[in-house]
Amino acid sequence: MTRCLKVNPEHPEPDVIAEAAAVIRGGGLVAFPTETVYGLGANALDAQAVVGIFRAKERPSNDPLIVHLADAAQLSSVVAEVPDVARDLAAEFWPGPLTLVLPRGPQIPDEVTAGGDTVAVRVPAHPVARALIAAAGVPIAAPSANRFGRVSPTCADHVMADLSGRIDLVLDGGRTQVGVESTVLSLWPDIPTILRPGGIARESLERLLGSVDVRQPSSAEGETLISPGTTIKHYAPRAKTTLYRGEREAVLARIRRDVSDYVAKGVTVGVLAAEEDLALLMDLPAVYRSVGSITSMEQIAQQLFASLRSLDAAGVMVILARDFGPSGLGLAIRDRLTRAAAGDVIVVTETSD
Ligand code: TXA
Ligand code: MG
């Protein structure tokens with residue numbers, strides 16, 4: 001049985017937090033809101049508890065977890081060394097959606113790092129997450145609280161849909177604010193590289209670090225991976241998804257054509273686009289989901305995963321999604337949609353007739 005407890009997202013009730021913290025300390029599993037997505041937490045220093053996370057998610061054990069800290073002062077208890085650049089980044093972006101990959105400290109069990117010599121750490125900004133980590137008195141290892149390979153959860157209902165009966169407790173703090181996961185930045189062993197674009201934009205990191213590389217997702221699931229959870233075919237809805245990239249007019253014209261073709265073949269189609277796009281598409285018989293206005297990448301990121309889940313729930317057979325460009329949070333949105341599409345990306349180069 002999985003219990004679900006409501007919690008005030010801004011001012012978490014101390015008794016609710018105390019109850020959840022007791023579950024963590026007892027080796028149990030608690031799903032909780034962070035500012036990005038819901039995490040599935042366990043005591044990061046308890047190998048058995050961490051194994052429970054992998055079991056509940058059906059996640060392969062070669063995919064390491066992020067360790068969540070109450071504040072940057074806890075860093076030295078989980079990593080072997082804190083380079084100056086990590087201190088600068090922490091001062092600038094923590095608490096917040098930035099994960100740093102650093103040399104691992106001796107207290108962190110192999111189960112957390114998948115046997116590797118680095119550990120990923122972050123200080124989340126969500127009041128519930130911070131209160132929980134502080135009350136538990138231990139760092140909390142937490143992947144996104146979804147079944148492996150599925151879309152990350154941005155509300156408690158998504159967590160329950162994937163993990164009900166498999167975990168002890170869900171803290172329901174409403175919808176998460178950022179909507180895509182943290183940016184994973186490797187600082188070890190050499191130059192700063194974004195392993196996964198996320199809630200902190202590349203441009204923001206570059207203001208502090210100069211030019212930052214973005215590693216392209218690997219396509220093979222089996223190869224030895226720098227960041228195993230960054231394989232293509234991750235964040236997948238059930239419906240077969242296609243991503244359309246290119247200039248807006250051309251992309252929308254191509255989506256229109258493809259919707260018509262699918263409809264003619266009797267296929268139920270879902271379309272994921274911006275509010276402004278819908279006026280140009282909605283005369284065709286498909287299921288439409290707006291992710292928000294093209295004027296706000298923040299809004300689009302926030303609604304992305306809920307929209308993908310909702311198209312699945314509507315029973316569509318295919319999803320046609322449009323790209324939102326690479327700037328700001330657009331890069332993280334593109335990354336998640338490319339994975340949702342398992343690499344099925346159409347680059348539209350000209351307006352179709
Ligand atoms: O926003 C987030 O990051 C959310 C919330 C819950 O904090 N967490 C999250 O965790 O997205 P997860 O496990 O779904 O994704 C963590 C990513 C994976 O791609 C994993 O491979 C990578 O971080 N990662 C973890 N430890 C790593 C390490 N030591 N080196 C390289 N990549 C690592
Ligand atoms: Mg995940």
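**Domain arrangement, sheet architecture and cores of the predicted model**

The C-alpha centres of domain 1 and domain 2 lie 29 Å apart in this predicted model. The domain assignment places residues 3-214 of the chain in domain 1 and residues 240-348 in domain 2. To the contact between them, domain 1 contributes 26 residues and domain 2 contributes 18 residues.

Strand E9 (residues 183-186) and strand E10 (residues 193-196) run antiparallel and are joined by three bridges, with Leu185 standing opposite Ile194 in E10.

The pairing around E2 includes both senses. E2 and E3 run antiparallel and are joined by four bridges, and a hairpin of four residues connects E2 to E3. Within this pair, Tyr38 in E3 is the bridge partner of Pro33, while Leu40 in E3 is the bridge partner of Ala31. With E8, by contrast, E2 pairs in the parallel sense over two bridges, and Ala31 stands opposite Val170 in E8. In a regular strand, side chains alternate between the two faces of the sheet. Both faces of E2 are covered, with Val30 and Phe32 buried on one side and Ala31 and Pro33 buried on the other. E3 is likewise mostly covered, six of its six residues being buried. E3 also pairs with E7, in the antiparallel sense and over two bridges; here Asn43 stands opposite Ile140 in E7.

The loop between helix H1 (14-25) and E2 contains Gly27. With a relative accessibility of 27%, Gly27 counts as partly exposed. Leaving aside residues up to four places away in sequence, Gly27 touches Asp46 and Ala49. The C-alpha atom of Gly27 is separated by 19 Å from that of Val128, a residue 101 places away along the chain.

The largest nonpolar core comprises 44 residues, of which Leu100 and Val121 touch the most other members. At least two residues of this core are supplied by each of E3, H2, helix H3 (84-93), strand E5 (98-103), strand E6 (118-122) and helix H6 (156-163). H2 provides the largest share, five residues. When residues up to four places away in sequence are not counted, Leu100 touches Ala86, Leu89, Trp94, Val119, Ala120, Val121, Leu185 and Leu187. Another core, of 26 residues, lies apart from the largest one and has Ala274, Ile300, Val316 and Ala332 among its members.

Ala332 is also one of the buried residues of helix H11. H11 (residues 330-340) is mostly covered, with 11 of its 11 residues buried. Just after H11, Ala342 adopts a positive phi of about 50°.

The count of disulfides comes to zero. Cys4 is in no disulfide, and the nearest cysteine sulfur, that of Cys155, is 10.0 Å away. For Cys155, in turn, the closest cysteine sulfur is that of Cys4, and the 10.0 Å between them is too far for a bond, given that a disulfide requires sulfur atoms within 2.5 Å. Cys4 counts as partly exposed, at 39% relative accessibility.

Methods. Residues are numbered from 1 along each chain as its sequence is written. Chains are lettered from A and ligands numbered from 1 in the order in which they are written. This is a predicted model: local features need pLDDT of at least 70, side-chain atom pairs count only at pLDDT 80 or more; totals for chains, interfaces and linings use all residues. Side-chain values use heavy atoms; hydrogens and water are left out. Two strands pair if DSSP finds at least two bridges between them. A nonpolar core is a set of buried Ala, Val, Leu, Ile, Met, Phe, Trp, Tyr and Cys residues joined through side-chain atoms within 4.5 Å. Buried means under 20% relative accessible area, exposed over 50%, partly exposed in between (1.4 Å probe, protein chains only). Contact means heavy atoms within 4.5 Å. Domain bounds come from an automatic or database domain assignment.
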